[in-house]
Amino acid sequence: LGGDLPPPHPQQVAATLPAPSSSPEQVTPQRRQMSAIAASAASVAGARVAPSAATARKASLSVSVAARPQASASSAARVTPTRSAKVGRLAAIADVTKAASAAPPAGEHPMEKLQFLTPAETVAVREQFGTPTYVYDLARLKEYAAKALAFPNAYGLTVRFAMKSSPNASILKVFRLAGLHIDASSGYEVRRAVLAGFKYSDISLSTQEFPEFFAELVQQGLKINACSLSQLETFGKAFPGGEIGLRFNPGLGSGGGTKTNVGGPNSSFGIWHESLPEVKALVAKYELNVTRVHTHIGSGSDPAVWSKVSGMSLDLCREFPSVVELNLGGGYKVGRMSYEKSTDLQTVGDPVKKAFQDFAKETGRELKLEIEPGTFLLANCCSVVCTVQDKVVTGTAEGHTFLKLDAGMTEVLRPSLYGSQHPLITVSAAGTLPAETEKYVVVGHCCESGDLMTPAPDEPETISERRLGKVERGDLMVVEGSGAYCAGMASKNYNSFPEAPEVMKGTDGKMYIIRQKQTLEQLLANEVELADAAC
C-alpha cells in the first residue's frame with residue numbers, strides 16, 4: 001500500500017459510490033445528486049458509469065465518499081459525513097476529468113525511451129551482473145529528495161521516506177544523508193532503518209500490526225502513531241502519560257484504485273474520524289500527550305483533494321491542543337509512461353501551506369508539516385535490465401507474438417497486481433536500439449498466467465499488445481519505472497527464482513553492487529528437513 005496506479009484509461013473510469021439501498025425511502029435526494037454528479041463527471045471524461053458493482057470495483061477511480069446517516073455527537077462536528085460527501089463529489093469530478101486526457105487509446109502506447117541508461121550500459125550491466133538486475137540512478141535519487149524537501153510549508157517540514165517502497169540499505173543511506181527521516185510500516189522496518197544508520201527519534205511507525213516488541217522501540221525514542229483504538233489502548237497501558245501520535249481515517253480517499261486508496265469508509269487504515277469521543281476517552285484515561293495527527297488518503301494527486309484533506313485534518317488538530325505536527329501522508333502520482341502526468345508538489349503544496357497559515361491565524365498554533373513520499377522519490381530512479389529468453393507465436397487470428405523475459409512478477413509485481421503500465425524498451429545484444437518495430441505481449445518467467453508485463457491499463461487479467469523495437473532471443477529489455485514497490489514488493493522466490501541483484505549507478509557513471517544475487521543456499525537457509533521417522 002502506498003504504491004500508486006497510473007491514471008485510468010478513459011474507457012475504464014467510473015466513480016465509485018455507496019451502493020443504492022433497495023428501500024426506496026433511503027434513496028435520498030442527496031444520494032441522487034451524488035449519482036448524477038458522478039455520472040456527469042464520467043461523461044465529461046468520455047467514460048461510462050460501470051453497469052454493475054463488480055465492474056465498478058474493477059474499473060473504478062475509487063474516490064471514497066463517507067455517507068453515514070448519523071453525525072457524531074462529539075465536539076468533532078466540524079468533521080462530518082456531509083463534509084466528507086462534498087469532498088468526495090469534488091474529487092470525483094476533478095480526478096475523472098483529469099484522467100480523461102492522461103492515456104492514449106488502448107493498444108496505442110507511444111514508443112518509450114531509456115531514462116538514464118544508454119544501450120551500451122544496458123549490455124554492460126548484463127555482462128557484469130547478469131540479468132535480471134535492478135539499476136538505480138544516484139543522481140536521480142538525490143534530485144527527487146531535494147524536490148521533496150522543497151515541498152511548500154509554513155512553519156517547518158519533515159520529509160519521511162516511505163521505506164516500504166524500497167528498503168535497500170544503500171537507498172536508505174542516500175536519503176539519510178540527504179536529510180530525510182523514515183516512515184516505517186512495521187517494527188521490522190524500524191530495526192532495518194536503525195541498522196542503516198537512522199536514529200530511533202528520526203523514525204515514525206504507522207502500522208497495521210502493532211509489534212509485540214514495540215515497548216523497547218519506544219524506549220529508544222521511536223515515534224508511534226496509533227492506527228486503531230486497540231493500538232491506542234495498548235500504548236496507553238504500556239506508557240501512561242506518554243507521547244503519542246494519532247492516525248485518523250478522515251473519511252476521504254484518493255487513488256487510482258481500491259488497492260492504493262487508504263482513506264474513506266472502505267479502508268481499514270487509521271481510526272475512523274467519528275470515533276473521536278472514544279479516542280478522547282482513552283487519551284484521558286491514560287493521560288497521554290497527543291503531539292501528532294496523521295492522516296493518509298492514498299496515492300492521489302488532485303490539489304482539491306489534498307486541500308480538503310488538510311482542512312479536515314486541521315479540524316482534528318483543533319480537538320487536541322497539544323498537537324504540534326500534522327502528517328499529511330499519501331503518495332504522489334508519478335508518470336512512468338510518457339503520456340502519464342506527474343504530481344507537481346508546488347501545486348499540491350501551496351493550498352496546504354495556506355491552510356496551515358489560516359489555522360495559525362485562527363488558533364495561534366504554528367504546526368509543523370510532515371509528508372511521506374515513496375513513489376515520488378523512487379519510481380523513475382530504477383530500471384530492471386532483463387534478457388528476452390524466448391519468443392513464441394500463437395498462430396491464430398486472435399494470436400499474439402509473446403516475448404518471454406528472464407524476469408517477471410518476481411522482480412516487478414505491479415503489472416500483475418494492479419494492471420500498472422511500465423515503459424518497456426528493447427535493446428539488441430550488440431547494444432543498439434532496434435530500427436524495426438513489432439507488436440508484442442510481454443510476459444514473465446513464472447509458471448503463472450498472471451505473470452504479465454503488458455496488461456491492459458488497470459486490468460491485470462487482460463493481456464495487451466505493446467509496439468516495441470523488434471528483438472529476438474538473447475536481446476535485452478529494460479523495464480523502466482521500477483524504483484518503487486518493485487524490489488521491495490516482489491513475489492520473492494516464486495518458482496524458486498533467486499532475488500535479483502541491485503546495482504547503483506553512481507554520479508561518476510560507475511556501477512556499484514548494493515545487493516548480491518541470492519544463491520540457492522541462501523534461499524534454502526531456513527528450511528529444516530523433516531526427520532525420516534516423522535514421515
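A residue counts as buried under 20% relative accessible area, as exposed over 50%, and as partly exposed in between (1.4 Å probe, protein chains only). The structure is a predicted model, in which local features need pLDDT of at least 70 and side-chain atom pairs count only at pLDDT 80 or more, while totals for chains, interfaces and linings use all residues. Residues are numbered from 1 along each chain as its sequence is written, and side-chain values use heavy atoms, with hydrogens and water left out.

On to the overall picture. The protein has 535 residues, and 56% of them come out as buried. The secondary structure runs to 15 helices and 20 strands; both are DSSP runs numbered from the N terminus, helices being H or I with at least four residues and strands being E with at least two. As for contacts (heavy atoms within 4.5 Å), take those between residues at least 6 apart in sequence: 74% of them join residues at least 24 apart.

Strands count as paired if DSSP finds at least two bridges between them. Strand E2 (residues 157-162) lines up with strand E3 (residues 181-184) in the parallel sense, over three bridges, and Ala-162 has Asp-183 in E3 as its bridge partner. Together with helix H6 (residues 169-177), E2 and E3 make a right-handed β-α-β unit. Right-handed here refers to the path from the first strand over the helix to the second, which runs clockwise with the strands pointing away from the viewer. E3 also pairs in the parallel sense with strand E4 (residues 203-205), again over three bridges, and Ile-182 sits opposite Ile-203 in E4. Between E3 and E4 the chain crosses through helix H7 (residues 187-195), and this β-α-β crossover is right-handed.

That leaves the charged side chains. A salt bridge is taken as a side-chain nitrogen of Lys or Arg within 4 Å of a carboxyl oxygen of Asp or Glu, and the structure holds 16 of them. One of these joins Glu-143 and Lys-147, at 3.3 Å from N to O. The two residues are four apart in helix H5 (residues 138-149), so about one helical turn separates them. Glu-143 is partly exposed at 37% relative accessibility, and Lys-147 is partly exposed too, at 40%.

Other salt bridges reach across the sequence. Arg-191 and Glu-216 meet at 3.0 Å, N to O. This pair links distant parts of the chain, with Arg-191 in helix H7 and Glu-216 in helix H8 (residues 214-219), 25 residues apart. Arg-191 is partly exposed at 33%, and Glu-216 is partly exposed with a relative accessible area of 40%. Glu-233 forms a salt bridge with Lys-285, and the closest N and O atoms are 3.2 Å apart. Here Glu-233 lies in helix H9 (residues 229-238) and Lys-285 in helix H10 (residues 276-285), 52 residues apart. Glu-233 is partly exposed at 23%, whereas Lys-285, at 55% relative accessibility, counts as exposed. Finally, salt bridges also link Lys-492, Glu-499, Glu-502 and Arg-515 into a network.
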